[in-house]
Structure formats: C-alpha cells, structure tokens
Amino acid sequence: MSYCTKERACSDLAKPPVNEPREAEQFLMQTPQGNPLLLSHTLQELLSKDSVQVELIPEKKGLFLKHVEYEVSSKRFKCSVYRRYNDFVVFHEMLLQKFPYRMVPALPPKRMLGADREFIESRRRALKRFINLVARHPPFSEDVLLKLFLSFSGSDVQNKLRELVQGVGDEFVTCRLATQAKDFLPADIQAQFAASRELIRNIYNSFYKLRDRAERIASRAIDNASDLLIFGKELSALGSDTTPLPSWAALNNNTWGTLKQALKGLSVEFALLADKAVQQGKQEENDVVEKLNLFLDLLQSYKDLCERHEKGVLHKHQRALHKYSMMKKQMMSATVQNKEPESVEQLESRIVEQENAIITMELRNYFSLYCLHQETQLIHIYLPLTSHILGAFVNSQIQGHKEAVLQDGVLSLKLKIAPKQLSLKQQGKPVAVIWPHVMEWHLVQLKPLGPHFWWQKTKELCMGLTHGFLLPTL
C-alpha cells in the first residue's frame with residue numbers, strides 16, 4: 001500500500017470507544033513497502049472500493065418542508081443510515097482537520113430560503129459525488145471517520161465524529177513517514193508541482209466547458225421530447241374530433257374521416273419519438289453529465305489543495321522565518337547594549353523555540369509536498385475515466401440518431417402513404433394495392449444496417465404497421 005494507513009485496530013468502528021485512553025502508537029501510519037511516494041492503484045481498484053447511494057427522504061412538518069434527510073447506503077459496509085446536510089458538514093470539517101494535505105472534495109452550498117425541488121435534487125447529486133470520492137480515496141477509505149459516517153445509526157453522529165478527531169492530531173502527527181518525507185521527494189519537486197498545477201488547471205477548464213455543452217445537449221433532448229409529445233397530442237386531438245361533418249361539405253366522400261385516422265396514427269409515432277428523446281436525455285444526464293461533474297469535483301479538490309498548500313503551509317513558514325529574523329536582530333541589539341542577563345536568556349529561549357517551530361514548519365512543508373505528489377498521481381489514475389465518459393456520450397448520440405432515423409422513416413412513410421391511401425379509397429380500390437410498396441421501402445431503408453438489425457427492426461416495423469392505420473385489406 002502506497003498511502004500511509006492506520007494501524008489502529010477497532011473491533012466496532014461504528015461505535016468507537018471514544019472515552020478510552022488513546023495511545024499515540026495506535027494512530028501511527030504503517031510504513032509502506034518499497035517507494036512510499038509512488039502509487040500502484042488502478043482506476044478499477046479505486047472504483048471498486050465502494051459504491052454509495054444517497055437518496056432523498058423529505059420530512060414534512062405542517063404544510064411546509066422543514067428539512068431534508070438522506071438515506072446513505074454503502075455497498076461496502078452493507079448498511080444504510082440516515083443523514084442530514086449538517087452531518088455531512090461536520091464530516092467534511094473533520095476530514096479537513098485530520099487530512100489537511102489531501103484532496104477533500106467540497107460540499108454543495110447550504111439550502112437557501114425558498115429552495116425548490118430542483119435545488120434539493122442538485123444538492124443530493126452533489127452529496128452523492130462527494131461521499132463516493134471520499135469513500136474511494138485510499139487514506140479516507142481506511143479511516144475510522146468514514147466507517148463511522150457510513151455505518152453509525154445513532155442520533156449523535158456529529159459528536160461521535162468530533163470525538164474521533166479530538167486530541168489525535170492531523171496526518172502529519174500520525175504518519176511515521178512525515179519527518180522523512182523530504183528523503184522521498186524528487187529534487188525538482190517545486191517545478192513538478194508548478195507544472196502539474198498548470199496542467200490540471202487547463203484540464204479543468206476544458207472539461208468544465210465540455211460538461212456545460214453536454215448538459216445543454218441533454219436538456220435540449222428532454223425539451224424536444226416535451227415538444228414532440230405536445231405535437232403528437234394535438235394530432236391525436238384532431239384525429240379524435242367528433243364534431244359532425246355537414247353533408248354539403250363532405251361531397252359524398254370521407255376525406256376528413258380518412259385524414260383523422262391518419263392523424264391518430266401519426267400521433268403514436270410522435271409519442272414514440274418523444275419517449276426515445278426522454279430516454280436519451282436522461283441517459284446522458286446520468287452517464288455523461290453527472291460523471292463529468294464527478295471528475296470536475298475531483299479536479300476542484302486538487303485546486304483547493306494547491307491553494308491550501310500555498311496560503312497555509314508556505315505562508316506560515318514564511319511568517320515563522322520573518323519572526324525568527326526579528327528575534328535574531330533583537331538578540332544582537334541586546335548583546336551590544338549589555339542588557340540584563342535575564343532578559344538575554346529569555347530572548348535566547350524564545351529564539352530556540354522559534355527555531356524548533358521553523359524546523360516543524362519545514363517538515364510540514366515537505367510532507368505537504370509529499371501528499372501533493374501522491375494526490376497528483378491520484379488525479380492521473382482517474383484520467384481514463386474521461387474516455388469512458390466520452391465513449392458513453394458518443395454511443396448515446398449514435399444510438400439516439402439510429403432510433404430517431406428509424407422512427408422518422410416510419411413517420412415519413414406514413415406521410416407518403418396517407419395521400420395514396422386516400423386516393424385509392426376515393427377510387428374505390430382496396431388499400432392492399434399499396435402494401436408491396438410499403439414492404440419494398442422498408443427493405444431498402446433497413447438493408448445497410450446489417451442482417452441482424454435489419455431482421456429485428458423489420459419485424460418491429462411490420463408489427464407497428466399492422467397496429468396502425470395502414471392495415472391492409474386482404
């Protein structure tokens with residue numbers, strides 16, 4: 001294992017013994033075999049760590065929705081627990097406190113006043129992405145915090161989470177390799193860090209635009225389905241119109257009756273087109289847009305980590321060096337001015353303390369870079385996910401276009417046949433006269449699609465036609 005993992009054995013992680021004395025050795029991380037800086041995980045190994053579902057359980061009090069609960073189900077731990085948004089907030093805070101040098105995904109925003117169902121559903125999806133990224137992150141997946149959050153069924157989960165972290169210290173304190181991190185880092189770590197940060201920033205910007213376009217495409221498919229359905233309903237309404245036709249308008253033929261029958265048949269085809277469009281839009285929302293959001297959440301957590309490194313560890317280190325420099329100047333001034341020995345000793349003591357603080361800051365800085373190096377590798381392990389996402393998008397578009405072309409073919413055929421059917425009826429000829437032309441058209445349209453597809457779709461089309469207005473009179 002390439003990450004630092006906990007040695008602490010816990011017989012009941014769902015109910016940790018928070019009141020028992022904690023020995024420091026219990027929280028030390030195991031020393032990995034080989035080069036601990038390099039990761040050996042694959043994408044499939046990360047994805048198979050766990051699959052967590054987050055479903056809405058709204059609780060109504062009176063006439064208004066007061067708060068929302070979520071049913072969180074873990075495949076790994078084989079259990080379901082109920083969590084509120086604030087439980088996720090505390091869990092997120094404890095992760096940041098314990099793992100400040102790791103990628104902790106951000107949480108969605110708190111509910112605003114007047115939040116609608118769309119906002120609540122969007123936040124549910126974001127919480128699901130958050131908990132799955134955490135559950136598949138190597139150090140988090142082996143930590144007691146995660147198991148407590150996913151398996152503890154008590155009502156005071158927030159206090160239990162805080163108790164687990166209280167007095168333990170962060171990963172720098174609990175990892176045996178923390179003080180040796182510098183020895184494993186490459187000499188050009190700063191240059192690598194800058195280059196990786198720039199690369200991932202560019203990847204994020206590009207996939208952010210791709211996600212927006214994919215979202216618009218999926219949304220258009222669903223909007224198009226709604227329009228097609230309304231269009232079909234209007235055709236059906238026309239075809240079902242029961243207003244009596246005046247005899248002077250009919251001119252001794254049934255033109256309007258035949259057209260109504262044709263319109264009703266067309267409405268069925270528009271309903272099928274609408275159903276296919278909805279299926280395609282929903283499939284692209286789940287298989288493309290949502291997975292792109294997952295990938296973007298991961299990249300954003302890396303960007304946040306880089307910012308914490310610069311504004312946190314590096315900034316504190318610089319402040320400590322500045323303070324040390326000021327103390328050295330004061331010491332030199334006191335020596336020159338022959339001040340009291342006690343004041344000089346106190347100043348010397350403070351300088352020693354500051355030197356120790358600087359040493360600790362330097363060690364934390366190297367450990368932060370050590371973790372950043374591993375988190376960068378983790379991002380690259382996730383990169384093949386993008387090919388799966390784009391493949392799903394392409395397949396959805398191809399399948400959608402194939403089905404649309406097939407359905408459009410049936411629709412076009414009915415539009416072409418209807419006038420012929422009407423003309424034959426007006427001439428007193430049976431509709432069966434045009435049946436060979438129907439089958440000939442289907443064979444020409446379906447032949448390029450391959451033998452198996454051709455035969456299957458031919459059967460489906462024939463079944464559909466025999467249930468429509470083109471039923472031949474044999």
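Tutor: In this predicted model, the axes of helix H5 (residues 144–151) and helix H6 (residues 157–165) come within 10 Å and cross at roughly 170°. Angles over 145 degrees count as roughly antiparallel, so H5 and H6 are roughly antiparallel to each other. On the H5 side, the contact is made by Val144, Leu145, Leu148 and Phe149; H6 contributes Lys160, Leu161, Leu164 and Val165. By class, this contact of H5 with H6 has seven nonpolar residues, no polar residues and one charged residue.

Turning to charged pairs, the structure holds 13 salt bridges. In one of them, the side chains of arginine 129 and glutamate 290 meet at 2.6 Å, N to O. This pair links distant parts of the chain, with arginine 129 in helix H3 (residues 117–135) and glutamate 290 in helix H11 (residues 255–336), 161 residues apart. Arginine 129 and glutamate 290 are both buried. They also belong to a network of salt bridges that links Glu121, Arg124, Arg125, Arg129, Glu290 and Asp297.

Helix H11 takes part in another such link: glutamate 310 in H11 and arginine 197 in helix H9 (residues 189–239) are 113 residues apart, and their side chains form a salt bridge at 2.7 Å, N to O. Glutamate 310 is partly exposed, its relative accessible area being 37%.

A further salt bridge joins aspartate 212 to arginine 211, with the closest N and O atoms 3.0 Å apart. Here arginine 211 counts as buried at 11% relative accessibility, whereas aspartate 212 is partly exposed at 28%.

Notes: Residues numbered from 1 in each chain as written. Predicted model: local features only at pLDDT ≥ 70, side-chain atom pairs only at ≥ 80, totals over all residues. Heavy atoms only, no water. Axes fitted to C-alpha atoms, helices over the stretch in contact; angles between N-to-C directions. Helix = DSSP H or I, 4+ residues; strand = E, 2+ residues; numbered from the N terminus. Parallel < 35°, antiparallel > 145°, perpendicular 65-115°, else oblique. Contact = heavy atoms within 4.5 Å. Nonpolar A, V, L, I, M, F, W, Y, C, P; charged D, E, K, R; others polar. Salt bridge = Lys/Arg side-chain N within 4 Å of Asp/Glu carboxyl O. Buried < 20%, exposed > 50% of the residue type's maximum accessible area, 1.4 Å probe, protein only.
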